[in-house]
Amino acid sequence: MMMVMQPEGLGAGQDPFAGGGGGEYMEQEEDWDRDLLLDPAWEKQQRKTFTAWCNSHLRKAGTQIEDIEEDFRNGLKLMLLLEVISGERLPRPDKGKMRFHKIANVNKALDFIASKGVKLVSIGAEEIVDGNLKMTLGMIWTIILRFAIQDISVEETSAKEGLLLWCQRKTAPYRNVNVQNFHTSWKDGLALCALIHRHRPDLIDYAKLRKDDPIGNLNTAFEVAEKYLDIPKMLDAEDIVNTPKPDEKAVMTYVSCFYHAFAGAEQAETAANRICKVLAVNQENEKLMEEYEKLASELLEWIRRTVPWLENRTGEPSMSAMQRKLEDFRDYRRLHKPPRVQEKCQLEINFNTLQTKLRLSHRPAFMPSEGKLVSDIANAWRGLEQVEKGYEDWLLSEIRRLQRLQHLAEKFQQKASLHEAWTRGKEEMLNQRDYESASLQEVRALLRRHEAFESDLAAHQDRVEHIAALAQELNELDYHEAASVNSRCQAICDQWDSLGTLTQKRRDALERMEKLLETIDQLQLEFARRAAPFNNWLDGAVEDLQDVWLVHSVEETQVRKLVPSRDQTLQEELARQQVNDRVRRQFAAQANAIGPWIQGKVEEVGRLAAGMMGSLEEQMAGLRQQEQNIINYKSNIDRLEGDHQLLQESLVFDNKHTVYSMEHIRVGWEQLLTSIARTINEVENQVLTRDAKGLSQEQLNEFRASFNHFDRKRNGMMEPDDFRACLISMGYDLGEVEFARIMTMVDPNATGVVTFQAFIDFMTRETAETDTAEQVVASFKILAGDKSYITSEELRRELPAEQAEYCIRRMTPYKGSGAPAGALDYVAFSSALYGESDL
C-alpha cells in the first residue's frame with residue numbers, strides 16, 4: 001500500500017480527514033469528530049454531498065459518478081476530476097484494467113494532491129482501488145478542502161474560519177438567523193435562504209419564510225440554488241432536520257458552493273470594507289477636530305475672563321487688604337492656572353497628533369476656525385502672561401509702597417515722640433532769671449551751659465527737618481492718616497521756632513551780665529588764661545620724655561599708625577575669601593555629581609533610542625519611566641542654581657575645584673530633556689505609523705535593525721552614503737537620479753541626514769497600501785452597480801448602520817439626469833473626504 005504524507009499537525013495513526021483536513025489551510029478539529037465519523041447518518045450525508053459535489057465538476061467533462069466508492073476505483077475519473085477542478089494536466093493514465101494499472105492511476109492522483117501542499121497519511125491507493133468507503137470519503141474531503149475551501153479568505157482569516165465569518169456577515173441583518181457553526185446553525189434552512197436572498201433578493205421572498213417550517217425552507221433553498229445558481233442538490237432536507245447534529249463536512253461542502261457562486265459579490269464586500277475603513281478614519285479625525293475646537297474655545301474664553309481681572313490696578317488702603325489680593329493671585333497661580341497650562345499643552349499635542357494622522361491617511365492638514373489657530377492660542381496666552389506679570393509687578397510694588405508707608409509712619413511717630421520728650425521742660429528752663437544774683441564765674445558757667453544747650457539745640461535741627469521730611473513723604477505717598485501726621489508735624493515746628501527765640505533771649509541776658517562782672521575779675525581771668533597754655537605744654541613734655549618708640553623719620557611714624565588698621569582689613573578679607581571658597585567647594589561637590597549623571601543619562605537615552613526592544617507600548621512605558629526619573633532629579637539642579645547665585649553675588653567667577661560651570665550643566669540638562677522628549681515622540685509617531693499603515697511589530701523591528709546597522713555614528717541619523725548603502729542592502733537598484741529623488745523625500749529640508757522617522761515614512765510609503773479618493777469612488781461604484789449615483793437603500797444594505805447613516809447625512813443630492821428621487825452623489829462625497837474640513 002502506497003503511503004501519502006499526512007496533513008501538517010497530525011500525528012501518526014490519526015485519520016487525515018476525520019479532524020477536518022490539512023493543517024496548511026484548516027485548523028485541526030475536536031477529537032469527537034473522529035468518534036462520530038462512523039455515524040450512519042453522517043456517512044449518508046457525506047456520500048450524497050461528496051457525490052453531488054464531484055458531479056458538479058465532472059459534468060463539465062461530460063461524465064459523472066453514481067457510486068462514489070466504486071467509480072473512483074480505477075483512478076480514471078479521479079484523475080479527470082482533479083484536472084477539471086485544478087485546470088492542470090495530470091500524467092497520462094495507464095490504459096490497462098489490471099489491479100496494478102488501477103493502483104498506478106490512483107497513485108498519480110494522490111501524487112498530484114501531494115504536489116499541492118497537502119500531506120496525507122494512511123490513505124493508500126490500495127484502499128481506494130478496493131472500494132474502502134472511509135478512505136474514499138476522506139480523500140474526496142481532502143480534495144474539497146484543498147480546491148474549494150483553502151483559498152477562502154475574509155478579513156485575514158482563511159478556510160473554515162473565513163467561510164464561517166463570510167456566512168455570519170452575510171446573514172447578520174436577517175431575523176431568526178444566527179450562524180455559529182456548520183451543523184446545527186443550518187437545520188431550519190433560514191441561513192441558506194438568507195445567503196441566497198442577500199445576493200439575489202429576486203429569487204426568495206424571505207419575509208414569507210417561517211422558522212417552524214425547516215423542511216420547507218431547506219427545500220426552497222435547494223431548489224432555488226439548483227435552478228438559478230447551478231448548485232446541485234447535495235443534501236436531503238429530512239436528513240438535515242432529523243439528524244441531531246448534521247455532518248459538518250457535508251454542510252461546509254455545500255455552503256462553499258454558495259461562496260464560489262457569489263464570488264462576484266465579494267467584490268462589493270471588499271469595496272464596502274474599503275469604504276468603511278476610509279469613513280472610520282474620517283470619523284475619528286472629525287472627532288479630534290471637534291475636540292480641538294471645543295478645547296480651544298474653552299481655553300480662549302477662560303483667558304478672556306481672566307485678563308480683565310489681571311488688568312485691574314485698583315489699590316487698597318491697608319496692608320491686610322493688599323495681602324488678600326496677593327493671596328488671591330497665589331491661588332490663581334497655584335490652583336486655577338496649572339489646569340489651563342495642561343489644557344494648552346494637551347491642545348498642542350492633540351493638534352500635532354491630528355496633523356500626523358491626517359498626513360498618514362493622505363488627508364489635507366486641519367485648519368481650525370478663525371481665531372482658533374495654535375498661533376492664536378499662543379498669542380492669547382502670551383498676552384495673558386504679560387498682563388499677569390504686570391499684575392504681579394503691580395501687586396509687589398503696591399505692597400512695597402504700603403510697607404514703606406507703614407515703616408515711614410512708625411518712624412515718624414517714633415522720632416516725633418523722641419523729639420517731644422526732649423523738648424519737654426525746655427521752655428521753662430529758658431525763661432529762668434537765675435543769672436541776676438550769680439557771680440562772674442557762675443554767670444560764665446551758666447553761659448557755658450547755655451552754649452552746650454545751643455549746640456544740643458542745633459543738633460536737633462536735623463531731627464526736626466527729618467520729621468518734616470517724613471511727613472512730606474507720607475503726604476506724597478497718599479498715606480491714609482496724613483491729616484494727623486501733618487497736625488503733629490506743625491506743632492513740632494511751631495514749638496521749635498519758639499525754642500529758638502527763647503534761646504537767643506537768654507544768651508543776650510547772660511552776655512550782658514558777664515560784661516558787668518568782667519572788670520572785677522579781669523586780672524584773675526588774665527592770669528588763668530596765660531597759665532593754661534603753659535600747663536598744657538608742660539604735660540606734653542613729660543609724655544614725650546617718657547615715650548619708648550624708636551623712629552628715624554616722620555614717614556616711619558605715619559606707617560606705624562596705619563599698621564593696626566591694615567591688619568584689621570586683611571583679617572576681614574581673609575574671612576570673606578574663606579566664605580567664598582566654602583561656596584566654591586559646595587558648588588563643585590554638587591556639579592561634579594550632576595555633570596556625569598546628566599552625561600550618563602544622555603548616553604543611556606541614546607542607547608535606548610538606537611536599540612529599543614519589545615513592543616512599542618513596552619518601549620513607551622520604559623521611556624516614560626526614564627522621563628519621570630529625570631524630572632525627579634530637577635531638585636538637584638535647583639540647589640546648584642542657588643549656590644551659583646551665591647557665587648555671583650560674591651563676584652566669584654572662577655572655580656578650580658570643578659570643570660563644570662553652571663552653563664555646562666544647563667546645556668546638558670536641556671540636551672537631556674530634548675533627547676528624552678524626541679525619543680518619546682519618535683515612538684509615538686511609530687505607533688501612529690504602525691496603526692495607520694497596518695505594520696506588524698516584526699516589520700518595525702526589521703526597519704529598526706536595518707537603520708541601526710547603517711547608523712554608523714550611533715546618533716539616531718544616517719548620512720546619505722549610509723542611507724544609500726542601507727537601500728542597496730534591501731534590494732533597491734539605485735542610480736544617481738533615483739537616489740536624489742528619494743533624498744528629497746526623506747530629507748526635504750536638505751539637512752544632510754536621514755532620521756529614523758523619515759526612514760519609517762519612506763519604507764511605509766513604499767510598501768503599505770494607501771487609499772485615495774479615486775479608490776473610494778470606485779468602491780462606491782461597485783456598491784451602486786456601476787451607476788453614477790447611489791441610493792439610501794443601497795447604502796443601508798451594503799454598509800454597517802453607523803457608516804451608512806454617516807454617508808446619507810453628508811452626501812449631496814445627485815444632479816445628473818435619469819436618477820430616481822433621493823439619489824445621492826457619491827463622487828462629490830468621496831472627493832470631500834480627502835478635501836478641506838467644514839469644521
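A disulfide is defined here as a pair of cysteine sulfur atoms within 2.5 Å. A search of the whole structure finds 0 disulfides. C276 is in no disulfide, and the nearest cysteine sulfur, that of C807, lies 8.1 Å away. C276 is buried because its relative accessible area is 16%, where buried means under 20% relative accessible area, exposed over 50%, and partly exposed in between (1.4 Å probe, protein chains only). C167 also counts as buried, at 0% relative accessibility.

The structure is a predicted model, in which local features need pLDDT of at least 70 and side-chain atom pairs count only at pLDDT 80 or more, while totals for chains, interfaces and linings use all residues. Residues are numbered from 1 along each chain as its sequence is written, and side-chain values use heavy atoms, with hydrogens and water left out.

Nonpolar cores were identified as sets of buried Ala, Val, Leu, Ile, Met, Phe, Trp, Tyr and Cys residues joined through side-chain atoms within 4.5 Å. The largest has 77 residues, and those with the most contacts inside it are W53, W186 and F258. Helix α7 (residues 133-149) gives the most to this core, with 11 residues; helices (H or I, at least four residues) are DSSP runs numbered from the N terminus, as are strands (E, at least two). Another core, of 50 residues, lies apart from it and includes L354, F453, I492 and L502. With contact taken as heavy atoms within 4.5 Å, F258 touches W166, L192, L195, I196, A225, L229 and I231, residues up to four places away in sequence not being counted.

Helices α4 (residues 76-86) and α5 (residues 99-115) pack at an angle of about 25°, with their axes 8 Å apart. Axes are lines fitted to C-alpha atoms, for helices over the stretch in contact, and angles run from 0 to 180 degrees between N-to-C directions. Helix α4 is therefore roughly parallel to α5, a term used for angles under 35 degrees. The contact involves L76, L78, M79, L82 and S86 of α4, together with N105, V106, K108, A109, F112 and I113 of α5.

Most residues other than glycine have a negative phi. N176, which is not a glycine, has a positive phi of about 65°. This residue is placed in the loop between α8 (159-171) and α9 (190-199), and N176 counts as partly exposed because its relative accessibility is 40%. D230, likewise not a glycine, has a positive phi of about 60°. D230 lies in the loop between α10 (214-228) and α11 (237-242) and counts as exposed, at 55% relative accessibility.

How values were computed
Angles under 35 degrees count as roughly parallel, over 145 as roughly antiparallel, 65 to 115 as roughly perpendicular and the rest as oblique.
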